[in-house]
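Dear colleague,

Please find below the structure that I am handing over to you. My notes on what was found in it follow directly after.

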Amino acid sequence: MEQQEEARTLGESAAWPPGASGSPTAGGEERSEGGAPPAATPAGSEGDSASADGLWGLPVERAERRPECSHCSRPQKVCLCPYLPAQPLKISTHLYIIQHPAEESKVLRTVPLLAACLPPEKCTVTIGRRFNEERDVELATVCRDSGTLILYPGAEATNLEEFLLDSPVCPSTIILIDGTWSQAKDIFYKNPLFRLPKQVQLKTSICSQYVIRMQPTSRCLSTLECAAIALSILEENQCIQETLLRPLQALCSFQLQHGAQIRLSKEYLLKNGLYPKPMPKNKRKLRKMELLMNSVKI
């Protein structure tokens, strides 16, 4: 479950400068950087104006996207395939990832790296926010299967390792939700289908290695990290975790070498008086901030 902060990749186009406008106003006039209408055309400059107007008729060349590697979905210049396993990992567990639509377009997402490490038939990615039994028949079947687990922390969740000790059924599928924490919460609680599988969580004190995106706390893990730990437990193979984390470590190392900064957690920034934004006025959001400062699980 990944957060919204992300570093700019090498060679990525610069964003519009503050206050600049990239499109005409509603009235058809393009406003200047400060938001004021353009100055009146001086007398005698009608010819220049006509020439400028003629430019609007010229075809616009669209900026081409950088070629992407078909395997790891990274730009070819920063391909991470050397850090992926030579062959997909042999696993018996089916990973079913529910991805928030906003994650699909992010540059530094981890799900493509995860999928590149696994056999295609063992990793399914479904994009969306709302699901139901009539429209999403396959997902509904997976959720109703007694061998399916959903990885989402909470008061009703059982620690994965403890569940495996007591369960008479060997889990065959585990569902993960990919998005920011607020997006994942929205998906989990507003889709009754996800209340059907047994809810489990990871009992770990590991700090996230995904340091180029901000997390609520250092113990909040990315989707790839959650999958790596869960699969190593389900498959009883610690090497799986090490193999899956290798491309994530390479991604973060490359970004840091090319100008990205380590993103400290909100919890750390708040506790040390370093949080750069003013505290929210919304009571619900302010309460969340207070819980983070007091290290209370949210």
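What percentage of the 298 residues of the chain count as buried? The share is 42%, where buried means under 20% relative accessible area, exposed over 50% and partly exposed in between, with a 1.4 Å probe and protein chains only. Please note that this is a predicted model, in which local features need pLDDT of at least 70 and side-chain atom pairs count only at pLDDT 80 or more, while totals for chains, interfaces and linings use all residues. Residues are numbered from 1 along each chain as its sequence is written, and side-chain values use heavy atoms, with hydrogens and water left out.

The chain has nine helices and six strands; these are DSSP runs numbered from the N terminus, with helices (H or I) of at least four residues and strands (E) of at least two. Of the contacts (heavy atoms within 4.5 Å) between residues at least 6 apart in sequence, 75% join residues at least 24 apart.

The nonpolar cores

A nonpolar core is here a set of buried Ala, Val, Leu, Ile, Met, Phe, Trp, Tyr and Cys residues joined through side-chain atoms within 4.5 Å. The largest one has 44 residues, and Leu95, Leu118 and Leu244 have the most contacts inside it. Two or more residues each come from strand E1 (94-99), helix H2 (111-117), strand E3 (148-151), helix H4 (160-166), strand E5 (173-178), H6 and H7. H6 gives the most to this core, with nine residues. A second, separate core of 16 residues includes Tyr96, Phe131, Ile150 and Ile175. In soluble globular proteins, nonpolar side chains tend to be buried together.

Leu244 belongs to helix H7 (residues 238-257) and counts as buried because its relative accessibility is 0%. Leaving aside residues up to four places away in sequence, Leu244 touches Leu89, Leu114, Cys117, Leu118, Leu224, Ala227, Ala228 and Leu231. Its C-alpha atom is separated by 9.8 Å from that of Ala115, a residue 129 places away along the chain. With the same exclusion, the contacts of Leu95 include Leu114, Leu118, Ile174, Leu176, Ala227 and Leu231.

The cavity

A search of the whole structure finds one cavity of 30 Å³ or more. A cavity is a set of points, on a 1 Å grid over the protein atoms alone, where a 1.4 Å probe fits but cannot get out; lining residues have an atom within 4 Å of a point. Grid points are joined across faces, edges and corners, and the volume is the space filled by probe spheres set on the points. The largest cavity holds about 40 Å³ of space and is lined by Ile206, Gln209, Leu221, Glu225, Ile229, Gln241 and Leu245. Helix H6 (223-234) and H7 are the elements that give two or more residues to this lining.

Glu236 lies in the loop between H6 and H7. Its phi is near 55°, a positive value in a residue other than glycine, and Glu236 is exposed because its relative accessible area is 75%.

Thr180 lies in the loop between E5 and helix H5 (181-189) and, at 2% relative accessibility, counts as buried. A polar contact of 3.2 Å joins the side chains of Thr180 and Ser182; such a contact is a pair of N or O atoms within 3.5 Å, where, within protein, one must be able to donate a hydrogen and the other to accept it, and residues adjacent in sequence count only if both atoms are side-chain atoms. Within H5, Gln183, Ala184, Asp186, Ile187 and Phe188 are buried, and what covers the buried residues of H5 includes E1, E3, E5 and strand E6 (198-201).

With kind regards

Terms used. 1 Å grid on protein atoms, 1.4 Å probe; cavity = no way out; pocket = protein on both sides within 12 Å on 5 of 7 lines; lining within 4 Å.
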